Amino acid sequence: MGITHRKQHWFRLSAILSSKQVLLCALVMDLLAAPLFAQRPRMTYKTAPVMVPKTPDDRVAADKGDSQPGAGEKKMCSIQPFPGMPNTASVTSLQIPRKAQKEYEEACAGLKNKKLAEAEQHLRKATEIYPKYVAGWVMLGQILETRQQTAGARNACSRASSADPNYLPAYLCLAEIAGREQQWNEVLNLTSRALELDPVNDAYAYFFSAIAYFNLKQVPEAEKRALKAEEIDRDHHEPVLQLLLAQIYEAKHDSADAASHLREYLKLAPDSQDLDNVKKDLAEAQNPR
């Protein structure tokens with residue numbers, strides 16, 4: 001996955017607010033394994049590891065997500081980090097009963113008002129009416145993950161991938177869950193499937209696979225994937241990608257490139273809550289021991 005204090009984007013959309021930057025920074029800092037940081041011989045990052053926000057107000061933001069003409073779905077929405085994903089076509093879209101669509105629309109309204117339990121119930125009804133409602137399953141999975149019901153979240157997103165094996169958001173949802181559990185090989189399997197479906201536009205899959213490769217100590221491949229994500233994100237809508245690249249280049253003992261990406265991050269995220277520590281990291285990168 002605009003509604004609430006965050007506007008839609010996720011690599012494909014344009015608005016950036018400080019709260020979204022905090023969320024994405026939290027995601028990367030939470031997913032990058034601590035032992036890897038400890039191995040750096042020259043630089044110790046002062047940016048504090050930030051946990052993924054625990055409260056729904058910090059985690060949930062739904063975008064407008066109106067479907068493309070002819071998709072058969074109306075008034076669609078999603079939870080970040082998948083804004084715009086409802087526009088991904090599904091073979092089941094044209095068959096959705098009106099009652100199921102109505103329940104989905106009610107779920108969107110619930111998200112708008114930060115009523116997760118209400119949205120969950122509407123999505124359960126929608127998927128009960130139409131068990132192949134892939135967009136409904138993915139949003140349900142995201143809500144359950146937000147509510148820290150990981151098993152249910154994984155099951156919901158798996159139902160979406162089973163109903164339509166070519167529905168990209170299902171694999172992104174499962175990759176996010178696997179990443180939070182630091183199951184890096186599983187992240188690679190899921191993002192590989194996502195990239196088979198869309199190797200040109202899916203910056204999210206490249207981004208997550210870069211994190212996975214980095215934690216598996218395959219730094220060259222991590223760099224390749226992160227640079228591909230940056231290439232797709234031409235307008236630099238995701239500042240946290242610059243932090244990941246800085247970490248990658250520091251692991252390569254390339255302080256100059258690390259400093260370059262830290263400067264880019266500071267330029268793109270001037271309201272970062274960890275601004276002082278990032279500046280300290282930049283100063284150290286610019287003057288390596």
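# A guided tour of the helices and their core

Begin by selecting Tyr104, Tyr133, Met139, Phe207 and Leu244, which are the residues with the most contacts inside the largest nonpolar core, a set of 75 residues. A nonpolar core here is a set of buried Ala, Val, Leu, Ile, Met, Phe, Trp, Tyr and Cys residues joined through side-chain atoms within 4.5 Å, and buried means under 20% relative accessible area, with exposed meaning over 50% and partly exposed in between (1.4 Å probe, protein chains only). Helix α10 (residues 203-215) gives the most to this core, with 11 residues; helices (H or I, at least four residues) and strands (E, at least two) are DSSP runs, numbered from the N terminus.

The structure in your viewer is a predicted model, in which local features need pLDDT of at least 70 and side-chain atom pairs count only at pLDDT 80 or more, while totals for chains, interfaces and linings use all residues. Residues are numbered from 1 along each chain as its sequence is written, and side-chain values use heavy atoms, with hydrogens and water left out.

**Stop one: helix α4.** Select residues 98-112, the 15 residues of helix α4, whose end C-alpha atoms are 21 Å apart, in agreement with the 21 Å that they should span at 1.5 Å a residue. The expected span of a helix is 1.5 Å times one less than its number of residues. Among the buried residues of α4 are Ala100, Tyr104, Cys108 and Leu111, and the buried residues of this helix pack against α5 (116-129) and α6 (134-146), where contact means heavy atoms within 4.5 Å. Now pick out Cys108, which lies in α4 and counts as buried at 9% relative accessibility. Following α4 you will find Lys114, whose phi is positive, near 60°.

**Stop two: the disulfide.** Which two residues form a disulfide? Select Cys157 and Cys173, whose sulfur atoms are 1.9 Å apart; a disulfide is a pair of cysteine sulfur atoms within 2.5 Å, and by this rule the count comes to 1 disulfide. Cys157 lies in helix α7 (residues 150-163) and Cys173 in helix α8 (residues 168-180), so the pair ties together parts that are 16 residues apart in sequence. The torsion about the S-S bond of Cys157 and Cys173 is about 50°, so the disulfide is right-handed, and both cysteines are buried.

**Stop three: two loop residues.** Select Gln148 in the loop between α6 and α7, where phi is near 60°, a positive value in a residue other than glycine. Lys217, found in the loop between α10 and α11 (219-232), also is not a glycine and has a positive phi of about 65°.

**Last stop: Ser272.** Finish in the loop between α13 (255-268) and α14 (275-286), where Ser272 lies. Ser272 is buried, with a relative accessible area of 12%, and its side chain makes a polar contact with the side chain of Tyr265 (3.2 Å). A polar contact is a pair of N or O atoms within 3.5 Å; within protein, one must be able to donate a hydrogen and the other to accept it, and residues adjacent in sequence count only if both atoms are side-chain atoms.
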